[in-house]
Amino acid sequence: MKVLEKLSPEWFDLTSKKLDHLEATKDDYNDPEEGDQAPTKEVFQVVRDFLGVLRDKNEKLEEPNLFISPNGHIVVVFGTKKRSLDIRFTPEAHYYFKDSSEAPSSGKGVEGAVELAFKYFRI
């Protein structure tokens with residue numbers, strides 16, 4: 001019996017590598033004097049789960065950027081200055097969407113963020 005391996009889209013592979021690198025170097029983000037802290041394992045896992053949901057839709061998306069905030073949150077960013085979707089994982093997801101042609105919107109939870117990602121950042 002032949003086992004078929006599910007292939008990941010390129011954006012997912014590249015983003016997963018970025019996330020792995022951030023996790024491997026997370027201690028670099030701890031600075032007790034400044035009050036900065038690294039994300040917890042829980043935050044990294046929630047981001048991985050979110051990226052997995054996007055991957056499982058089997059669509060091509062823009063490659064998002066990943067950032068670590070001083071308070072230990074991970075921010076996933078799609079887009080540019082003209083149109084962007086920022087998703088902050090605390091580990092709960094909070095998103096902010098802006099587009100130069102419509103009013104900004106925001107919300108909590110991954111459902112709204114997933115919907116916006118596929119609506120505006122599919123390639």
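Reader: Rings of Phe, Tyr and Trp (its six-membered ring) pair if their centres lie within 6.5 Å; planes under 30 degrees apart count as stacked, over 60 as edge-to-face and the rest as tilted. How many aromatic pairs does the structure hold?

Author: The structure holds five. This is a predicted model, in which local features need pLDDT of at least 70 and side-chain atom pairs count only at pLDDT 80 or more, while totals for chains, interfaces and linings use all residues. Residues are numbered from 1 along each chain as its sequence is written, and side-chain values use heavy atoms, with hydrogens and water left out.

Reader: What is the geometry of the pair Phe97 and Phe121?

Author: Phe97 and Phe121 are edge-to-face, at 6.4 Å centre to centre and 75° between the planes. Phe97 belongs to strand 4 (residues 93-99) and Phe121 to the segment after helix 3 (110-120), so the pair ties together parts that are 24 residues apart in sequence. Helices (H or I, at least four residues) and strands (E, at least two) are DSSP runs, numbered from the N terminus.

Reader: Is Phe97 buried or exposed?

Author: Phe97 counts as buried, at 1% relative accessibility, and Phe121 counts as buried at 1% too. Buried means under 20% relative accessible area, exposed over 50%, partly exposed in between (1.4 Å probe, protein chains only).

Reader: Which residues form one aromatic cluster?

Author: Phe78, Phe97, Tyr120 and Phe121 form that cluster.

Reader: Turning to the largest nonpolar core, which residues touch the most other members?

Author: Among its 29 residues, these are Phe50, Leu51, Leu54, Phe78, Leu85, Ile87 and Phe89. Such a core is a set of buried Ala, Val, Leu, Ile, Met, Phe, Trp, Tyr and Cys residues joined through side-chain atoms within 4.5 Å.

Reader: How do helix 1 and helix 2 pack?

Author: Their axes are 11 Å apart, at an angle of about 175°. The two helices are therefore roughly antiparallel to each other. Axes are lines fitted to C-alpha atoms, for helices over the stretch in contact, with angles from 0 to 180 degrees between N-to-C directions; under 35 degrees counts as roughly parallel, over 145 as roughly antiparallel, 65 to 115 as roughly perpendicular and the rest as oblique.

Reader: And where is Tyr95 found?

Author: Tyr95 is in strand 4 and counts as buried at 15% relative accessibility. Tyr95 lies 6.9 Å from Leu85, C-alpha to C-alpha, although 10 residues separate them in sequence. Leaving out residues up to four places away in sequence, Tyr95 touches residues including Ile87, Ser105 and Ala113, where contact means heavy atoms within 4.5 Å.
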